[in-house]
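Student: Could we go through this structure together, one question at a time?
Tutor: Gladly! Let's have it in view before we start.

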Amino acid sequence: MKMINETAIITGSTSGIGKKIAEIFLKEGCKVAICSRNKDNVDRTLSEFQEKFGESVIGDVCDVSKSAELKTFVKKTIDIFGSIRILVANAGLSLSYGPFHYLSLEKVNNEAKKIMETNLIGTINSISSVLPYMKAQKYGRIITLSGGGAERPLENMTIYSASKGGILAFTRCLSKELENENEDIKINIFNPGMTKTNLLDSSKVIKEWKSEINFSKELELIIKYVASDINKSCKKVIPYVLPTCNKNGKSFRGFSIINMIKGFRKIKKQGKN
Ligand SMILES: NC(=O)c1ccc[n+]([C@@H]2O[C@H](COP(=O)([O-])OP(=O)(O)OC[C@H]3O[C@@H](n4cnc5c(N)ncnc54)[C@H](OP(=O)(O)O)[C@@H]3O)[C@@H](O)[C@H]2O)c1
């Protein structure tokens, strides 16, 4: 067990990647605080984890776009665990999938607000809420979540990609501010790769662009040939949250680029046959 004596907050940890990272940390002996917006999701995940990991896990409803909820959640975690040594700012969502010009101004305005509030502002809020504690203890490990389009241009997810590009810039800039001989606080960026989760399953294709049937066929192939193995991918986070991590402001992947290219080639080949 590599994470005995560690304490972590993982946001958006009632499903998908956040939940998997929470499970991996708990198995390594870390104490973990989980959260999401929906009380049923929190209660269900908490009782599932408590059965296996007992008092090492706590949880509460917390919407990362709301500073008051984060303040209460972080305070509760400190009161129970005594410290927060790790933050994984994972909570995120995606809405429409398809070319930007198909969206009306009203829809763009609505989706951009929702996505930015959770993905970008939620990440910034989460970091702001734990940083004073990390500064006081002169130690911390923070992970932010990258995503499609953040590092390289990608079609059909422009608003989501913009939110992830913002997270990337924020993380890199903050890493410079955190370079300090007297403190050991590091922030790095995890790109899990395409992963079969609720986020992917609930992506809504723009119907004026492509039929839902064609989209779900394409998605099925992508999941079959390109998607990351969630367990293998999320385990890549561990070295970045241990005291031995000396990286700061770096992006790391949970998947192999070569396998991803090979996967897309197979899909192209199938399309030709
Ligand atoms: N899946 C992929 O292919 C992929 C690829 C690259 C990066 N990512 C990133 O990985 C992260 C996790 O995504 P996922 O695929 O695991 O999605 P997911 O299965 O939909 O899980 C998202 C989690 O975040 C919670 N959540 C959503 N909005 C929230 C908010 N405002 N405050 C607090 N919790 C919130 C959800 O629960 P509630 O609904 O109860 O709030 C849920 O627990 C995201 O940042 C995503 O952008 C995903």
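This is a predicted model: local features need pLDDT of at least 70, side-chain atom pairs count only at pLDDT 80 or more; totals for chains, interfaces and linings use all residues.

**Questions about the model**

Student: Where is Lys138 found, and what is its phi?
Tutor: Look in the loop between α4 and β6, where Lys138 is found. Lys138 is not a glycine, yet its phi is positive, at about 55 degrees.

Student: And Asn5, is that residue buried or exposed?
Tutor: Asn5 lies in the segment before β1 (7–10), and its phi is a positive value near 75 degrees in a residue other than glycine. Asn5 has 10 C-beta neighbours inside 10 Å. The limit for this class is 12 or fewer, so Asn5 counts as exposed.

Student: Which class does Gly148 fall into, by its C-beta neighbours?
Tutor: Find Gly148 in the loop between β6 (139–145) and α5 (158–178). A residue is buried with 20 or more neighbours and exposed with 12 or fewer. Because Gly148 has 17 C-beta neighbours inside 10 Å, Gly148 counts as partly exposed.

Student: How far apart are the end C-alpha atoms of α1?
Tutor: Start from its 12 residues: at 1.5 Å a residue, α1 should span 16 Å. The distance in the model agrees with that, at 17 Å.

Student: How many residues of α1 are buried?
Tutor: The buried residues include Gly16, Ile17 and Gly18, as well as Phe25 and Leu26. That leaves α1 mostly covered, and the count out of its 12 residues is 10.

Student: Which residues come nearest to the ligand?
Tutor: α1 (16–27), α4 (105–137) and α6 (198–201) each supply at least two residues of the shell around the ligand. This shell divides into 9 nonpolar, 19 polar and 2 charged residues. Of the 30 residues there, the nearest are Gly12, Gly16, Ser36, Arg37 and Gly92.

Student: At what angle do α3 and α4 pack?
Tutor: Two packed helices are described by the angle between their axes and the distance between the axes. Here the crossing is right-handed. The axes of α3 and α4 are 10 Å apart, and the angle is about 35 degrees.

Note on methods: Residues are numbered from 1 along each chain as its sequence is written. A residue is near a molecule or strand if its C-beta atom, placed from the backbone, lies within 6 Å of it. Helices (H or I, at least four residues) and strands (E, at least two) are DSSP runs, numbered from the N terminus. Ala, Val, Leu, Ile, Met, Phe, Trp, Tyr, Cys and Pro count as nonpolar, Asp, Glu, Lys and Arg as charged, and the others, Gly among them, as polar. The expected span of a helix is 1.5 Å times one less than its number of residues. Axes are lines fitted to C-alpha atoms, for helices over the stretch in contact, and angles run from 0 to 180 degrees between N-to-C directions. A crossing is left-handed if the near helix is turned anticlockwise from the far one by less than a right angle, and right-handed if clockwise.
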